[in-house]
Amino acid sequence: QVQLVESGGGLVQAGGSLRLSCAASGSISSINYMNWHRQAPGKQRELVADISSGGSTTYADSVKGRFTISRDNAKNTLYLQMNNLKPEDTAVYYCVINARARGSTYARNYWGQGTQVTVSS
């Protein structure tokens, strides 16, 4: 199977920066797209950023110009660099990878455990 471990969340003041990481391990045959979602209290979960296997990226309008998604295919690791953080960025952030495990015919989504990001004003 495939396991994801997230790290890098924490408490930061508005205007500060954080870098989230999501390391995938296990019996991985291939990884397709990878993305970050977030869910704030009382709000629906939203897609923050996405990166394809070829490196193409997309972002939610609310984070464009402030967040950068990247991946290290050699390490099976996904990153999210978050700059100029705002209080409204406060949420639990989840990584998702679409991967095919060894011995599996199809790829599926795997979710990280979530990491809390809190931005104080």
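Biologist: Which residue lies over the face of Y110, and at what distance from the ring centre?

Modeller: That's R108, at 4.1 Å from the ring centre of Y110. Keep in mind that this is a predicted model. There is also a case with R19: its charged end sits over the ring of Y79, 4.0 Å from the centre.

Biologist: And where does Y110 sit among the strands, say, which residue is its bridge partner?

Modeller: Y110 belongs to β10, and its bridge partner is I97. Step back and you see β9 and β10 pairing in the antiparallel sense, over four bridges. The two strands form a hairpin, with six residues between them. Have a look at G103 in that turn: its phi is positive, about 90°.

Biologist: Now ring against ring. How many aromatic pairs are there?

Modeller: The count comes to one aromatic pair. It consists of Y94 and W111, with ring centres 6.1 Å apart and planes at 70°; planes over 60 degrees apart count as edge-to-face, so that's what we call this pair. Y94 is in strand β9 (residues 91-101) and W111 is in strand β10 (residues 108-111), so the pair ties together parts 17 residues apart in sequence.

Biologist: Let's do cysteines. What is a disulfide, in general?

Modeller: It's a covalent bond joining the sulfur atoms of two cysteines. Searching the whole structure turns up one disulfide. Its partners are C22 and C95, with sulfur atoms 2.1 Å apart. The link of C22 and C95 is right-handed, with 55° about the S-S bond. It connects distant parts of the chain: C22 is in strand β3 (residues 18-26) and C95 in strand β9, 73 residues apart. Both C22 and C95 are buried.

Biologist: Which residues does T77 contact, once its sequence neighbours are set aside?

Modeller: Leaving out neighbours within four places in sequence, T77 is in contact with C22, A23, M34, S70, R71 and D72. T77 itself is in strand β8 (residues 77-82), and it is buried, at 8% relative accessible area. A polar atom of the T77 side chain also lies 2.9 Å from the backbone oxygen of K75.

Biologist: What does the side chain of R66 reach?

Modeller: It reaches the backbone oxygen of N84, at 3.0 Å. R66 lies in the loop between β6 (57-59) and β7 (67-72), while N84 is in the loop between β8 and β9. The two residues are 18 apart in sequence, and their C-alpha atoms are 6.1 Å apart in space.

Biologist: Is each of them buried or exposed?

Modeller: R66 counts as buried, at 9% relative accessibility. N84 counts as partly exposed, at 42%.

Biologist: What else do R66 and N84 touch?

Modeller: Not counting residues up to four places away in sequence, R66 touches Q81, M82, N83, N84, L85, K86 and D89. With the neighbours within four places left aside, N84 is in contact with G15, G16, S17, R66 and D89.

Technical notes. Residues numbered from 1 in each chain as written. Predicted model: local features only at pLDDT ≥ 70, side-chain atom pairs only at ≥ 80, totals over all residues. Heavy atoms only, no water. Phe/Tyr/Trp six-rings, centres within 6.5 Å; stacked < 30°, edge-to-face > 60°. Lys NZ or Arg CZ within 6 Å of the ring centre and 35° of its normal. Pairing = 2+ DSSP bridges. Disulfide = S-S within 2.5 Å. Buried < 20%, exposed > 50% of the residue type's maximum accessible area, 1.4 Å probe, protein only. Polar contact = N/O pair within 3.5 Å; in protein donor to acceptor, adjacent residues only side chain to side chain. Contact = heavy atoms within 4.5 Å.
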